[in-house]
Amino acid sequence: MSQFVVIRHTAILTLVLLLSCTQLALAQIQPGDDQRQAAVEVAESLRYGHYADTPLDDTWSRLAFERYLDILDGQRAFLLESDVEEFRHLEDRIDDLLFDGDLAPVYQLYQRYHDRAESRFEWLLEALDEGLEFTYETDQRLDLDRREVPWPSSEAELDDLWSKRLKNAALTLDISGQDEEQVENNLRQRYEGQLSRLRQTNGEDVFGLFMAAVTSSIDPHTEYLSPRQGESFDIQMRLSLEGIGAMLQSDGEYVKVTSLVPGGPADRAGVLEPADRIVGVGQEDEEDIVNVVGMRLDEVVDLIRGPKGTVVRLEVVPAEAVDMTRSHTVEITRDTVDLEEQAAKGEIVEVERDDGIKRVGVITIPTFYVDFDAWQSGAEEFRSTTRDVAREVERLKAEGVDGIMLDLRNNGGGALQEANSLLGLFIDRGPTVQVRDARGRISLYGDTEAGTLYDGPLAVLVNRLSASASEIFAGAIQDYGRGLVLGSATFGKGTVQTLNDLSHGQIKLTRAKFYRISGESTQHRGVEPDILFPDMVDPERIGESSLDNALEWDTVQAVQYRHYGEPWEYLETLRSRHRERADSHPNFVYLKERVDLARRMREEQTSVSLDREQRQREVEARDAEQLALENRRRAALGLEPLDELIDARGEDEEDSSEDESVDRVQVIEAAAVLADYAELTHRRLAGRF
């Protein structure tokens, strides 16, 4: 080769290298001017507008920095200890960077995570190319939660972790019945999808991740919404209105159901429950189900949404399952929310007593609704919770019921004005709730109309999914002594958010907090019932107290209000009678034992075996325990036993009455408690004359 050729070859090679370096530099994700300006506006909003009055100082910076790391790599599976230490200088600077709009350093930290994750997915795909030769005969175990473990110190340590993760993923699919080819194809689809989505990440995506760390370090309901997200105020609300009617949130690598919209397609189908995890989504005209483990929430939402009348197939891991091998597929026909299903409806429950049958009116209120357009236009007739409940109360009174119970289970709230006006049906005007803003000013809201529609024995039935306006109403009934609150502790969302426009996107900001007329907040703790019922919704997975950085419970000064009764004087007797019934009722015994079993399994199941036979033994042992519990219940009710645990969910139980179902037992028992309360108050009144 001549010297000229060598020089020319070297020059070309140098040019190629330079071009490659330039392309790499261009590939670095950088913030834009829109993001920089929005960061400053978010900082100002948090400093001057947020209820919590959190100083954005070095202490807060450290919290936000750790939160950013958790969002990027919460399971300590990509970044090394050396990576984290290299960026540790940002720990005390997040506040300064935010107010200056200097986003380059936090983008560089993301880029480090991005590079690590990209190389890891490539490593996984190379492992698949080489072929899986797992024998699943090992004493190895995989930890399920790595949030508190130290950052990995070396690539070798990460290789070991991901070898276990890959083996676990393959074993999970293998146990679910897939052959070797299906397992490899499924895993390839998963990792190729995650790699593809990672490579599509842009500056807006990174800004959203950083803003999530900034806002959620103050409280879980404050969040930045990108222009795309801001189109619908909340991505979860879009799904509830145009898809299957389920509220979803991210839960690590999984998408979790947090609640079902009353009257929505999923609610009507009866195949999803809160805390279920969605691991796959398929369409009715496609054979394959897309694995959504590790997929972003908005992307999962887009897969689930679709035209009305079409069918979506979901691969679901039940809430009670502690092993991801226990998935099954359900089908839901997409539809709009049936407003009639959300309307208040009444019925009469008969309670047997020695002196005859007691009749209790039960009004189910799925949500607090009002036709705002008709109301604002001054129409005389418009649909609302209060009007519908009033009609049911009048009907039940005409039928001579001994008491009325309002069923607010699974009622996530709605129009606050309806909580105020609904209370007015049962008290003679008065305050309902106090609202304290960021400046400490307190506003009082309540019923201003004189007179009551019903002044007889009253109870409110709630559960963990009763939130917001439901908690305000139940708390007011309890504080006034107007009736009993029965069930389980409510959700605990006692904060108010407003949506404010930014130059780029929007910010949903917590601006106020709800307080009961007694001065106690509904935040975090919710409303504690007078008589507790077991609840299958796990409070450690669902509810305000399960959310990171939730604002704390506190108090303000109580307002002046009258007591309409003294239910607390009867609680000892009422609780004693309730325990006597509950201890002997198969469904109540089942509920209590199932709650205890779920808690114990969660505490014990901190890792999974990578040995096939051991894994199956552990899964089968847990399934057998749950199946035995279900069959004890069925035997006590005179029902046929089940052969498989999966048959327990969604079974019609045509051989049993509606009153023997697990869901129904709380209504029946609450009616019995109210009948007891009516009897005790009647005796006391009779003794006064």
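I began at strand β8, where I332 is the bridge partner of V312. The model I consulted is predicted: local features need pLDDT of at least 70, side-chain atom pairs count only at pLDDT 80 or more, and totals for chains, interfaces and linings use all residues. Residues are numbered from 1 along each chain as its sequence is written, and side-chain values use heavy atoms, with hydrogens and water left out.

**Entry 1: β7 and its partners.** I take strands as DSSP runs of E with at least two residues, numbered from the N terminus. Two strands pair if DSSP finds at least two bridges between them. By that rule, β7 (residues 311-317) and β8 (residues 328-333) pair in the antiparallel sense over 6 bridges. I then looked up the pairing of β7 with β5 (residues 277-283), which is antiparallel over 6 bridges. Within this pairing, E315 of β7 is the bridge partner of G280, and R277 stands opposite V317.

**Entry 2: cover.** I call a residue buried under 20% relative accessible area, exposed over 50% and partly exposed in between (1.4 Å probe, protein chains only). In β7, 6 of the 7 residues are buried, and I note the strand as mostly covered. For β5, 7 of the 7 residues are buried, so I record this strand as largely enclosed by the rest of the structure.

**Entry 3: further partners of β5.** Strand β4 (residues 254-260) pairs with β5 in the antiparallel sense over 2 bridges. There, I found V255 opposite I278 of β5. I also looked up β6, which pairs with β5 in the antiparallel sense over 2 bridges. V290 in β6 is the bridge partner of V281. A hairpin through 6 residues joins β5 to β6.

**Entry 4: the charged patch.** I found a surface patch of negative charge formed by E284, D285, E286, E287, D288 and E331. Patch members have over 30% relative accessible area and no salt bridge, and like charges are joined within 9 Å. A salt bridge here is a side-chain nitrogen of Lys or Arg within 4 Å of a carboxyl oxygen of Asp or Glu. Where does D288 lie? I located D288 in the loop between β5 and β6 (290-291). I count D288 as exposed because its relative accessibility is 54%.

Technical notes. Helix = DSSP H or I, 4+ residues; strand = E, 2+ residues; numbered from the N terminus. Patch = residues over 30% accessible without salt bridge, like charges linked within 9 Å, V, L, I, M, F, W, Y side chains within 5 Å. Areas by Shrake-Rupley, 256 points an atom, 1.4 Å probe, with all protein chains shown as cover. Lys, Arg positive; Asp, Glu negative; His and termini not counted. Charge placed at Lys NZ, Arg CZ, Asp CG, Glu CD.
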